Amino acid sequence: MSVDNNQGELWEVFIQSKNNLPYKHFGSVHATDKEMALQNARDLYTRRGEGRGIWVVPSQYIVASDPAENEAFFDPSEDKIYRHPTFYAMPEGSKNI
Amino acid sequence: MTTEEMLFQYCLRMGDTHNVFAHRMGEWCTNGHILEEDIAMTNIALDHIGSARAWLMYGGEVEGKGRTEDDLAYHRDERAYVNMLISELPNGNFADTIARNFMFDAFSLLYYTELANSSNETLAGIAQKVIKEARYHLKHSSNWMVRLGDGTEESNQKLQAAIEEVWLFTGNMFEMDEIDQNLADAGIGVDCAKIKDQWMSMVMKTVTDAKVTIPENKYMLSGSKKGIHTEALGHMLAEMQSLARAYPDAKW
């Protein structure tokens, strides 16, 4: 990995707020190695008790969809409301499906 | 000296050490080489403030004269401060800070691991909380030791110079005077002489990984337990205490 400036590489940070919950994207940090990335993420994003787990991934390995292709990517799902689970009766007492 | 009087001194020594250390780390605020490191160092500063508060608050209670943690932190002069010399050393460059922190963090982890067994419940409680912080501080400083030492030729040279600079202040951490010995014998305090070998092997491991060496010079500076300090402490206290002294009843 080449370092173009003296801030190190960019890493994306994902935090798990509680055990068993999915990791969510929180932001990014600069770091020159994975240990530093984890520690910086810990210092920046979990100072107020936000997390019990952290993932860091070099930003260059994130593959993102192209906003210019949004119509082709996302619009075809708009008229398929039957894919939403709103046609089912919720079992009594359950909050999520 | 009664046990309470000895315990009060003991609390001041550790409380002052953390308080002074916190101030030094706080001086990095806005001066870190990247935003992330800036926040890492001020986080560490806040951990030390928390430890200082715990020690000084309990010290005030043990003394029994109604002095609060703030009275003890902001209304005592340099000669009354009994912090370890290593904590007052100026930040210097980043390698100086890392070498200083590493030497102390390794001590701190071993010290609090022992103190967790104290027969004094308050001290054992403080220790259990600080151990976790010390473990993180040591991770931070030892990783940086290796990054700098095993980095470029320049960073290696700077770290080597930093270690030589800080080395003669490390012996002071393990000094035991009568107060320390009495409290250690009573199962309240820590016998620091006993953790020195472990400390040395931790230091040797990281120093080896970092491709630097420790000096052969065995001479060590002393004096902190009698309130004798380097010239750096007075300047620091003047700044640290100025607000509390100018506005004695200042509130947030």
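## Fold of chain A

Along its sequence, chain A runs through its elements in the order β-β-α-β-α. That amounts to 2 helices and 3 strands. With a radius of gyration of 19 Å, well over the 13 Å that the globule rule gives for 97 residues, chain A is more spread out than a compact globule.

The model is predicted. Along the principal axes, the C-alpha atoms of chain A fill a box of roughly 55 × 40 × 15 Å.

## Packing within chain A

Of the 97 residues in chain A, 16% are buried. Contacts in chain A can also be sorted by how far apart the partners lie in sequence: among those between residues at least 6 apart, 42% join residues at least 24 apart.

## Where the chains touch

The contact between the two chains draws 11 residues from chain A and 7 residues from chain B. On the chain A side, the elements that give two or more residues are β2 (24-31) and α1 (34-45). The helix α1(A) gives the most to this side, with 6 residues. Sorted by class, the side of chain A that touches chain B holds 4 nonpolar, 4 polar and 3 charged residues.

## Confidence of the prediction

For the complex, the predictor gives an ipTM of 0.81 and a pTM of 0.89. Chain B has an average pLDDT of 96, and 100% of the residues in chain B score at least 70.

Conventions. Residues are numbered from 1 along each chain as its sequence is written. Chains are lettered from A and ligands numbered from 1 in the order in which they are written. This is a predicted model: local features need pLDDT of at least 70, side-chain atom pairs count only at pLDDT 80 or more; totals for chains, interfaces and linings use all residues. Helices (H or I, at least four residues) and strands (E, at least two) are DSSP runs, numbered from the N terminus. The radius of gyration is taken over C-alpha atoms; the globule rule is 2.2 Å times the number of residues to the power 0.38. A residue is buried if 20 or more other C-beta atoms lie within 10 Å of its own, exposed if 12 or fewer, and partly exposed in between; C-beta atoms are placed from the backbone. pLDDT is the predictor's confidence in each residue, from 0 to 100. Ala, Val, Leu, Ile, Met, Phe, Trp, Tyr, Cys and Pro count as nonpolar, Asp, Glu, Lys and Arg as charged, and the others, Gly among them, as polar.
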